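Morning, everyone. I have one structure to walk through today. Please have a look at it first.

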Amino acid sequence: MKLQSVELRVPDVEGTARFFEQVWGLSRAGNGAAVRLRGTAGLPYIIELERGAPALRSISFCGTRAEIGAEREVTGPEGERYRFVLEAPVAPLAAQRDRPIQLSHVVLNSKDADAAERFAIEELGFRLSDRTRHMSFVRCNRVHHCIAYARGGFASLNHIAFEMADIDGVMRGIGRMRDAGFPPVWGPGRHGPGNNVFGYFVGPHGGVVEYTAEVEEVGDDYKVGGPEDWKWPPGRTDQWGVSNRDNERIGKAEQAFRWA
Ligand SMILES: [Fe+2]
């Protein structure tokens, strides 16, 4: 099973789609009532945009019949909508190191992250990888996390992360975003849990998006870390310490997309 897509509602579907296509590096995957965009991997789409006030509609996972059973929609304790769909592979696009391949993970703000984590493990069958003071990281395959729940005090979309081929791809993406007037609000840097490289931005749709690469893969023997295992020295928020985090802009953007 893997994370397939995020379905969003945005006021300006065309403008948002143009950004994702011309600046962020996705490709159009078809126009219907909603606009769909894809990465270079053989997934039908990874972002769906429907017109409306900003909202998070659902997070979709895909897999074989053996992996997901029947197609279904599951609602979490804070209105989280998880969809499980049968995989419907399409031909991959030519790989380009500065273009997103697929989604890497989604982070949700939760009123009660412990309850959200429990639901993911007990009802969705995910596994806990790490728990820090701020977040619980869960996985649905070998990738360290497909979802993380942040202790936000409210339920909303924290950010959507897109997988690049490597660190060079992340850096090139950061450069392209800077050229287009979207300098990073955090990064470049390397996270603790998951050990992935990152660059975070606030897109023109008002939500936070991340380029990432090199997310750690873990096995059944992975030792679940706790808050004591993931502490930074004062003033640091990542392993490198070369960039600042714009807490004010990120904090605002993390509240823009509530569950529909
Ligand atoms: Fe992330």
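Let me start with a pair of strands. In which sense do strand E12 and strand E15 pair, parallel or antiparallel? The answer is parallel, over four bridges, with E12 at residues 156–163 and E15 at residues 208–213. In that pairing, Glu-163 stands opposite Thr-212 in E15. One caution before going on: this is a predicted model.

Now the overall picture. The protein has five helices and 16 strands. Its C-alpha atoms fill a box of roughly 50 × 45 × 35 Å along the principal axes. For 260 residues, a compact globule would have a radius of gyration near 18 Å; the protein has 17 Å, so the two agree. Burial comes to 42% of the 260 residues. Take the contacts with a separation of 6 or more: 68% of them are between residues 24 or more positions apart.

Back to the sheet. E12 and E15 sit in an open sheet of eight strands, in the order E9-E10-E11-E8-E12-E15-E14-E13, with mixed pairing. Which strands stand at the edges? E9 and E13, the latter at 186–190; each has a single partner strand, so one side of each is left without a neighbour in the sheet. On average, neighbouring strands are turned by 20° against each other, direction ignored. Helix H3, residues 113–122, packs on this sheet. H3 touches E8, E9, E10 and E11, and its direction makes about 160° with that of E11.

Next, strand E10, residues 135–139. How many of its five residues are buried? Five of the five, so E10 is largely enclosed by the rest of the structure. Side chains in a regular strand alternate between the two faces of the sheet. Here both faces are covered: Met-135, Phe-137 and Arg-139 on one side, Ser-136 and Val-138 on the other. Note the arginine in that buried set.

E10 also has a partner on each side. E9, residues 127–131, runs antiparallel to E10 and is joined to it by four bridges. Asp-130 stands opposite Phe-137 there. Three residues separate E9 and E10, and the two form a hairpin. E11, residues 147–151, is antiparallel to E10 too, again with four bridges. On that side, Met-135 has Ala-150 as its bridge partner.

Now helix H1, residues 13–24. Its buried residues are Thr-16, Ala-17, Phe-20 and Trp-24. The general rule is 3.6 residues a turn, so residues three or four places apart point the same way. On the other side of H1, Glu-14 and Gln-22 are exposed. The cover over the buried residues includes E1, E3, E4 and E15.

On to the core. Nonpolar side chains in soluble globular proteins tend to be buried together. The largest nonpolar core here has 59 residues. Those with the most contacts inside it are Leu-37, Ile-47, Val-106 and Ile-147. Strand E14, residues 197–202, supplies the largest share, five residues. Look at Val-106: beyond residues up to four places away in sequence, it touches Leu-3, Val-6, Ile-59, Ile-147 and Ile-160.

Follow that to Ile-59, in strand E5, residues 55–63. Ile-59 counts as buried because it has 22 C-beta neighbours inside 10 Å. Leaving aside neighbours within four places in sequence, its contacts are Val-6, Tyr-82 and Val-106. Glu-80 is 21 residues away in sequence, and 8.2 Å away C-alpha to C-alpha.

Most residues other than glycine have a negative phi, and most peptide bonds are trans. Gly-187 and Pro-188 are joined by a cis bond, with omega about 5°. Pro-188 lies in strand E13. Asn-195, in the loop between E13 and E14, has a positive phi of about 60°. With 12 C-beta neighbours inside 10 Å, Asn-195 counts as exposed. Glu-214 also has a positive phi, near 65°. Glu-214 is in the loop between E15 and helix H5. With 18 C-beta neighbours inside 10 Å, Glu-214 counts as partly exposed.

That's my tour. Thanks.

Technical notes:
Residues numbered from 1 in each chain as written. Predicted model: local features only at pLDDT ≥ 70, side-chain atom pairs only at ≥ 80, totals over all residues. Buried ≥ 20, exposed ≤ 12 C-beta atoms within 10 Å, placed from the backbone. Contact = placed C-beta atoms within 7 Å. Rg over C-alpha atoms; globule rule 2.2 N^0.38 Å. Pairing = 2+ DSSP bridges. Axes fitted to C-alpha atoms, helices over the stretch in contact; angles between N-to-C directions. Core = buried A, V, L, I, M, F, W, Y, C linked by C-beta atoms within 7 Å.
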